[in-house]
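Thanks for coming, everyone. I'll take a few minutes on one structure. Have a look at it first.

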Amino acid sequence: MLIEDIMNRNVVTVKPTDSIRLAMLVAAQQRIRHLPVLDENNKLVGILSDRDLRDACPSKFECEQNDEIYNRPVSEIMHRDVITAHPLDFVEEAAFSLYDNKIGCLPVIDQDELKGIITETDILHTLVELMGVQYPSSHVEVEVNDQPGMLADVAAVFKQTRSNVTSVLVFPGKHHGKKNLVFRVQTIDTRKIKTALEEAGYKVCWPQEPGGAI
Amino acid sequence: MKPSSLFIYSKNYQNYRFHDDHPFNQKRLELTLDLLQEMQIIQEDHIAEPRYATDEELSLVHDLQYIKAVKESGYSEELLPVASSYGLGTEDTPTFPMMHEATSLIVGGTLRATELVMSGECDHAVNLAGGLHHGLRGRASGFCVYNDCSVAIAYLRKHYDARVLYIDTDAHHGDGTQWSFYDDPDVLCLSLHETGKYLFPGTGSITERGDGQGYGYSVNVPLEPFTEDDSWLESYTSVVTQVARGFKPDVIVTQNGCDSHFLDPLTHLSCSMEIYRQIPKLAHQLAHELCGGRLIATGGGGYDIWRVVPRAWTLLWAELSDQPIFDNPILPSSWTSRWQSTSPVELPDRMFDQPERFPFIPRRAEITSKNKSTVEKALLYCPRG
C-alpha cells in the first residue's frame with residue numbers, strides 16, 4: 001500500500017510570517033497537531049507541532065501578562081529540517097520513518113510541492129485495516145518452519161476448507177527456526193480449519209482446547 | 001393470577017436449519033423442552049405460540065434490500081450472485097429453503113415475548129430460539145440471519161418508548177445488537193464475552209463505548225480465554241449490578257448464549273453449569289428491583305447441544321418461573337434414556353458438573369487479575385449506581 005492511497009490531501013498550512021496566535025487558533029479549530037509552513041512560492045520551509053506552539057507560550061504561572069509573544073512570527077519557532085515522505089513510498093516505510101525519528105507526522109512532497117500529510121493516526125488506522133479486524137472474524141495461528149513456501153502451503157489448506165481469510169501476519173516464532181503465521185478468518189467455527197491444518201501436519205497454536213496455555 | 005413467566009415455543013422453530021453438519025442446531029430446543037417437562041417445571045399453560053415478524057418490523061433494524069435477498073435466497077435452488085455481499089451462502093450462514101419465514105418466526109417469537117411482558121400478561125417471557133445477536137443491518141453473520149434482539153429492542157423503543165438494558169452473556173460478542181444502538185442513549189448494550197483477540201467476531205473491546213449521544217451506553221467486558229466460574233461471576237455481578245442500577249431501565253432484554261461452558265466446542269472459556277444458575281438469578285432480581293419485573297430472555301449460542309444447552313436453559317427457565325434449582329439434582333432417567341441412543345456423547349446424569357471433570361487451567365492467577373483490570377476499565381464511562 002502506498003502513501004498516496006492513505007494520505008490526507010486537505011492539508012492545513014500556515015505562512016512563516018503568520019503569528020503564533022494565528023497558528024494556535026488554526027490548530028485548535030481544525031483539531032490538528034501539526035502545521036506545515038509554506039512560503040510565498042508554496043514551498044515547504046518548516047513544520048510546527050502543537051508542542052512547539054506550547055513551548056513558545058509563557059507559563060501559566062507567569063504573573064505578568066505578556067501577550068507580545070503571541071504576535072511573533074512562526075518562522076522563529078518552526079523546525080526547518082523537515083523529514084518528509086513521497087506519495088510513492090510504502091506505508092511501512094513511512095511507519096518506520098515516524099518510529100525511527102520519534103515524530104508524529106510526515107508532510108508528503110512531490111517535486112517540491114506539498115501533496116498531502118500523513119500522521120501516526122493514519123498509519124495506525126491503516127494497520128487496523130491491514131489486520132482485518134473490521135470484519136467479523138476469528139484468530140487462527142500456525143507455527144511453521146522458517147523456510148520458503150510455507151505461507152503458500154498453509155494458504156492452500158485454507159483454500160481447501162473454503163475459508164475466507166481477511167488478513168495474514170507473519171511473526172518470528174517463539175522457537176528457533178520457526179515462524180508464526182496469524183490469520184483472521186471469516187468464520188465463527190474454526191474447527192474444520194484446525195483439523196485440516198493438523199491433518200496436513202502443521203502445529204496449530206490457536207484455537208486450543210480449554211486447559212491449554214495462551 | 002398472571003403467571004410469572006411464559007415460554008415461547010413452536011415445533012416450526014426446527015425450520016431454522018442450515019444443514020445436518022452445521023453446528024447451529026435447534027434440536028437443542030426440543031431437548032430442553034423435554035427436560036423441562038420431565039422435571040415437571042413447565043406446564044401446558046406456560047407455553048405460548050410465536051408469531052411471524054412482519055417486513056415492517058424487520059425493517060426497524062434491517063435494510064429492505066437485505067430482506068429481499070434473504071427472501072429470494074430461500075426460494076432459489078442456485079446461490080444468488082449477490083448472496084455473498086449479504087453474507088449469505090457462506091460456510092457459517094448457508095442459505096436454506098424458506099429461510100426468511102424460518103427466521104421471521106424466531107424474530108416474531110421474541111416480539112411475542114415483548115408484547116406479553118409489556119402488556120402485563122406475564123412478568124417475564126423466554127424465547128430460547130432467539131438471541132441471534134450477530135445479525136447485522138444488511139448482512140447475515142455468525143449463524144444469524146435476522147437479529148431478533150435488535151428488532152425487539154427497536155420495537156420496544158418505537159411502541160413503548162422504553163429504556164432498554166440489553167445484557168448479552170454469550171461467549172461471542174453481541175456485535176450486531178451493539179451496532180444497531182451504538183449512538184442511542186436509551187439502549188444500553190452490555191456484553192460479557194471471550195475477548196475478540198482470538199474469538200469471532202473480533203469486536204467487543206473495552207474501548208467500544210458507543211458514539212455521540214450514546215457514548216458510555218455500550219459496555220464491553222472482554223474476558224480472557226480459559227476464564228473460570230469465579231472470575232466470570234465476579235466480573236458479571238459487579239458490572240451488571242452497577243450498570244443496571246445506574247441506567248435505571250424500564251425493561252431488561254437478556255441474551256443467554258450458553259457457549260462459555262468448558263465443553264463448548266467453539267469457544268475457549270472454562271466455566272461450569274454454575275454460571276447458568278447465577279446469570280438469570282441476578283437478571284431476575286434486578287428486573288424486579290428496577291423495572292417492575294419486566295424481563296425478556298432469549299437464547300443464543302450453545303454448540304454442545306447434548307451435555308450443555310438443555311441443562312443451562314433449564315436453569316434459566318427454573319429461575320424465571322420461580323422454581324430455582326438448589327443442590328445438585330439427578331436428571332430424570334426418562335430424559336437421559338430417551339436421548340442417550342441418539343447422542344454421540346455420554347449424557348450427564350446430574351444438573352451441575354462434577355468438579356473433577358474440569359480441565360486444569362495453568363495461568364489462573366494471571367487470567368483472574370487481567371479480568372479484574374478489564375472490569376475496572378469497562379466501568380469507566382458508563383452509568384453506575
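I'll go through the chain contact, then the helix pairs, then a few backbone details.

Ground rules. This is a predicted model: local features need pLDDT of at least 70, side-chain atom pairs count only at pLDDT 80 or more, and totals for chains, interfaces and linings use all residues. Residues are numbered from 1 along each chain as its sequence is written, chains are lettered from A and ligands numbered from 1 in the order in which they are written, and side-chain values use heavy atoms, with hydrogens and water left out.

Start with the two chains. On the chain A side, 23 residues are in contact with 34 residues of chain B. Contact means heavy atoms within 4.5 Å. The buried area between them is about 2,200 Å². That is the accessible area, with a 1.4 Å probe, that two parts lose on being put together, summed over both. Carbon and sulfur atoms give 58% of it.

How many salt bridges are there between chain A and chain B? The count is 2. A salt bridge here is a side-chain nitrogen of Lys or Arg within 4 Å of a carboxyl oxygen of Asp or Glu. B:Glu91 pairs with A:Lys192 in a salt bridge, with the closest N and O atoms 2.7 Å apart. Over all chains, the structure holds 31 salt bridges.

One lies inside chain A. A:Arg33 and A:Glu120 meet through their side chains, N to O at 3.5 Å. A:Arg33 sits in the loop between helix H2 (20–30) and strand S1 (34–38), and A:Glu120 is in helix H5, so the pair ties together parts 87 residues apart in sequence. Helices (H or I, at least four residues) and strands (E, at least two) are DSSP runs, numbered from the N terminus.

Stay with H5 of chain A. Its residues are 120–130, and its axis comes within 10 Å of the axis of H4, residues 91–101, crossing at roughly 135°. Axes are lines fitted to C-alpha atoms, for helices over the stretch in contact, and angles run from 0 to 180 degrees between N-to-C directions. That makes H4(A) oblique to H5(A). On the cut-offs: under 35 degrees is roughly parallel, over 145 roughly antiparallel, 65 to 115 roughly perpendicular, and the rest oblique. Which residues of H4(A) meet H5(A)? They are A:Val91, A:Ala94, A:Ala95 and A:Leu98, against A:Glu120, A:Ile123 and A:Thr126.

Next pair in chain A. H6 (residues 150–160) and H7 (residues 191–199) pack at about 135°, axes 10 Å apart. H6(A) and H7(A) are therefore oblique to each other. From H6(A) come A:Val154, A:Val157, A:Phe158 and A:Gln160; from H7(A), A:Ile193, A:Ala196 and A:Leu197.

Now chain B. Helix H4 (residues 99–118) and helix H5 (residues 148–160) cross at roughly 35°, with axes within 9 Å. Among the residues in contact are B:Ile106 and B:Leu111 of H4(B), and B:Val151 and B:Tyr155 of H5(B).

Last, the backbone. A:Trp206 and A:Pro207 are joined by a cis peptide bond, omega about 5°. A:Pro207 is in the segment after strand S8 (203–206) of chain A. In chain B, the bond from B:Phe200 to B:Pro201 is cis, with omega near -5°. B:Pro201 lies in the loop between strand S5 (187–194) and strand S6 (218–223). Finally, B:Asp161 has phi near 50°, a positive value in a residue other than glycine. B:Asp161 is in the loop between H5 and strand S4 (164–168) of chain B.
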